[in-house]
Structures are given as structure tokens and as C-alpha cells.
Amino acid sequence: MNTQTIEFARPINQVTTTQRWNVPDVEALFKLPFADLLYRAQQTHRAHFDPNAVQLSTLLSIKTGGCTEDCGYCPQSAFHSAGVENREMLAVSAVVKAACAAQQKGAGRFCMGAAWREPTDEDMESVVKMVKAVRELGMETCATLGMLNDEQTEQLRAAGLDYYNHNLDTAPEFYGNIISTRDYQDRLDTLERVRKAGMSICSGGIVGMGESLTQRAGLIAQLANMNPYPESVPINNLVRVEGTPLAQTAELDPLDFVRTIAVARITMPTAHVRLSAGRQQMSDAVQALCFLAGANSIFYGEQLLTTGNPDVGADRALLDKLGMYPSTGKPE
Ligand code: SAM
Ligand code: DTB
Ligand code: SF4
């Protein structure tokens, strides 16, 4: 694999968004001829990033299953019967071991996910230890633990957490079709706390949940109008897990997924746009189109949280085939 590393990304936390997006304008981007859309996305991407570099994040579920929320897409919700057991939180030592292994495989960021509505004080004690230990390895740290209050946000900042992942998931108008146990404003409030505490934001959503094109544009507009917009934007293609209410949703046309990546790239030019869940169901050709559309980050490692992801060998082969290389971390 090519080991070249080129730094084009702007320093974290120094973005002020000057361009504001309304939903019709974002929708108009979605409706561009495919080649025009990809051309614009490429121009934007190349103005800010090395187009052949991809950031690699490895996920670990530090607390799996039994979640009290009713998110319709999620196999970890206690409301659904997707066969995911309610497990105890992992030990700090197990998390560090997994992070070391991910780092050796070339991941630059390690993201710890928990199936919580929000963490308890006791949960926070362990998470703080995990964040500190992973950071000591020299990896970027990310956590996704649900809603946070001011004190918890400050604890994570003090531990040195680099990114907090909290997705808007979908447009405000579609949100109530998917989740009833917490509202959109709760998510915005958590993101505001994370921003105020000085951590970087990782926030995106899921497409392919039966939303309309206008609602898909609505999600992107919400993200792009955050001031500043998120440093990382995960775009997930719904993984349709048996036993969840969304299991029978019609599959999204892969080209519409590519369009979503391109629109995220154009509207959030300096963000890392992550081609996230759903890659295992995607051909190499569709993934290559996503990179062409401006995706420059992936989840790297055999497992997302409870569902599969392409294996590391397949991903290295794909990146090699495309002449791409990790933008952080040391490839072998
Ligand atoms: N429990 C925390 C929360 O919801 O904020 C953190 C973990 S939660 C699993 C993180 C994100 O994973 C969700 O916001 C959602 O965007 C994504 N996700 C969950 N299930 C998914 C699925 N079946 N397909 C695609 N993305 C999914
Ligand atoms: C994000 O946007 N996607 C990741 C991560 N953030 C936490 C999670 C995807 C989960 C897919 C379903 C599962 O594996 O349980
Ligand atoms: Fe719980 Fe998060 Fe899954 Fe919602 S997405 S059910 S909050 S783990």
C-alpha cells in the first residue's frame, strides 16, 4: 500500500460557516445530472483535501444491547427483537486491547459506542478511563454514548476526547416516524454542549429509511447549517436488520446513496465525510463512486457495532486498487 500522507485538512475547531443552505437549494443539488453533481463534489473535495487519502476509524461497541430507546433502525433497542443480547460494559483492558489491534491495522481513530440513552455517573468513570488509555496510544478518540449533560461533557473533554458522535439521523420532519423516546431538540442540545466544551463534532445520519428526497435534503441542510458544521459527517446506509421495524424498508438505489455523499461534500466542504454503515452490502464500484463523490473516511474493521463491515484485507485491497491510502495512522 502507498504510504504517502498529505495534510490538507484545516485545523480542528477553526471553521466558521459562511454559506447557509436552505432545503430547496440542497434538493436542487440532489436533482443535478449525476455527472454534474459528481464534478462539483470533486472540485470541492480537491480544493480542501488530498482526494486519494482516506481516514480510517475503527468502531468498538463498549456496551451492547438492551437500550431503552426505540430507534426504529436499531438492533440494540430493547423495544425490538433483533437477537442482540443485553451485555455488560467491556472492561477498560479489553477496550485498550481492541484499540491497540486497530492501531496496528492502520486505524487512526478509535470510536467507542454504547447502547445508552445517556450514560450514568458510574458509566462515565469507566468511559473516562477508556478515553485516556486510548489517547495514550496516540490514536484520535471518539465516543458515542447518547445524550450528555454539562458535567458529562466536561468530563469527556477533560479526559481528552477528540470527537463526540451524535447523529441527527434524519430530517426533523421525518424524525417522529423513526424515534419516539427522545426528540430532535435533545440531539441538538447535546451537540451544542459538545461544541461549547471545545470538542469536535461527528454528526450525520441514515439514508434509506423511507424518507423522501426533500427529507434527505432536510437532513443535509440541518447538518450544513450548524455553525460551525460537524468536522466529521457519517453518512449511513440503513442496515436492514431482521426484527427491527425498518427491516422491510425498500432498498435505496445505490446511486441515490452516492448522491447523498456528493451533496454532503458540497455543502460541508472541509468536513470528513464518512462512507459509514452499509458498506458490506455495497459493491466495490459503488464505494469507488462514493470516494469520487467526496467521501474521505470509512469505518475500518470487521464489525460496526452489532453488524458486519468488510474485512480489513478486503478494504486494503480496495484502497490499493483505487490508489488510495490512509490519511492518518501508519500503514504496514
Ligand atoms: N446509543 C447512542 C445514540 O444513539 O446516540 C450511540 C450509539 S447509536 C447505535 C449510533 C448511531 O448508529 C445511530 O445514531 C445511528 O445513526 C447508527 N445506526 C444504528 N443502527 C443502524 C442501522 N441499522 N443502520 C445504519 N445506521 C445505524
Ligand atoms: C455512525 O454514524 N455509524 C456507526 C457509528 N456512528 C456509531 C454505527 C453504525 C451501526 C450500524 C448497526 C450496527 O452495527 O449495530
Ligand atoms: Fe439505543 Fe442508540 Fe440504538 Fe437508539 S441508536 S436504540 S439510542 S443504541
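A molecule is said to sit in a cavity if more than half of its atoms lie within 2 Å of the grid points of that cavity. By this criterion, ligand 1 sits in the largest cavity of the model shown here, which is a predicted structure.

**View 1. The largest cavity of the predicted model and its lining.** The count comes to one cavity of 30 Å³ or more, and the volume of the largest cavity is about 830 Å³. Its lining comprises 39 residues, of which Tyr73, Cys74, Gln76, Asn167 and Leu305 are the closest to the centre. Three strands each supply at least two residues of this lining: β2 (109–114), β3 (140–144) and β7 (232–237). Divided by class, the lining consists of 22 nonpolar, twelve polar and five charged residues. Ligand 1 sits in this cavity, ligand 2 sits there, and the space taken by ligand 3 is likewise the largest cavity.

**View 2. Ligand 1 and its polar contacts.** The shell around ligand 1 holds 17 residues, and those that come nearest are Tyr73, Ala114, Asn167, Asp169 and Val239. By class, nine residues of this shell are nonpolar, six are polar and two are charged. Aspartate 169 places a polar side-chain atom 2.7 Å from an oxygen atom of the ligand, and a polar side-chain atom of arginine 182 lies 3.1 Å from an oxygen atom of ligand 1. Tryptophan 116 takes part through its backbone, with an N or O atom 3.1 Å from a nitrogen atom of ligand 1. Taken alone, ligand 1 exposes 550 Å², and 91% of that area is buried by the protein.

**View 3. Ligand 2 and its polar contacts.** Around ligand 2 are Leu59, Pro75, Thr144, Asn165, Asn167, Pro234, Asn236, Phe299, Leu304, Leu305, Thr306 and Thr307. This shell divides into six nonpolar and six polar residues, with no charged residue. A nitrogen atom of ligand 2 lies 3.2 Å from a polar side-chain atom of asparagine 165. Ligand 2 taken alone exposes 400 Å², of which the protein buries 89%.

**View 4. The surroundings of ligand 3.** Ligand 3 is surrounded by Cys67, Glu69, Cys71, Tyr73, Cys74, Ser77, Ala115, Trp116 and Arg182. Six residues of this shell are nonpolar, one is polar and two are charged. Tyr73 and Cys74 of this shell are also among the residues closest to the centre of the largest cavity.

**View 5. Aspartate 169 and its backbone.** Aspartate 169 belongs to the loop between β4 (163–165) and α6 (172–178). Its phi is near 75°, a positive value in a residue other than glycine. In general, most residues other than glycine have a negative phi. The side chain of aspartate 169 provides the polar atom that lies 2.7 Å from an oxygen atom of ligand 1.

**View 6. The peptide bond between asparagine 227 and proline 228.** Asparagine 227 and proline 228 are joined by a cis peptide bond, with omega about 0°. Most peptide bonds are trans. Proline 228 is located in the loop between α8 (213–224) and β7. Strand β7 (232–237) is one of the strands that supply at least two residues of the lining of the largest cavity.

How values were computed:
Residues numbered from 1 in each chain as written. Chains lettered and ligands numbered in written order. Predicted model: local features only at pLDDT ≥ 70, side-chain atom pairs only at ≥ 80, totals over all residues. Heavy atoms only, no water. Near = heavy atom within 4 Å. Polar contact = N/O pair within 3.5 Å; in protein donor to acceptor, adjacent residues only side chain to side chain. Areas by Shrake-Rupley, 256 points an atom, 1.4 Å probe, with all protein chains shown as cover. 1 Å grid on protein atoms, 1.4 Å probe; cavity = no way out; pocket = protein on both sides within 12 Å on 5 of 7 lines; lining within 4 Å. Nonpolar A, V, L, I, M, F, W, Y, C, P; charged D, E, K, R; others polar. Points joined across faces, edges and corners; volume = space filled by probe spheres on them. Helix = DSSP H or I, 4+ residues; strand = E, 2+ residues; numbered from the N terminus.
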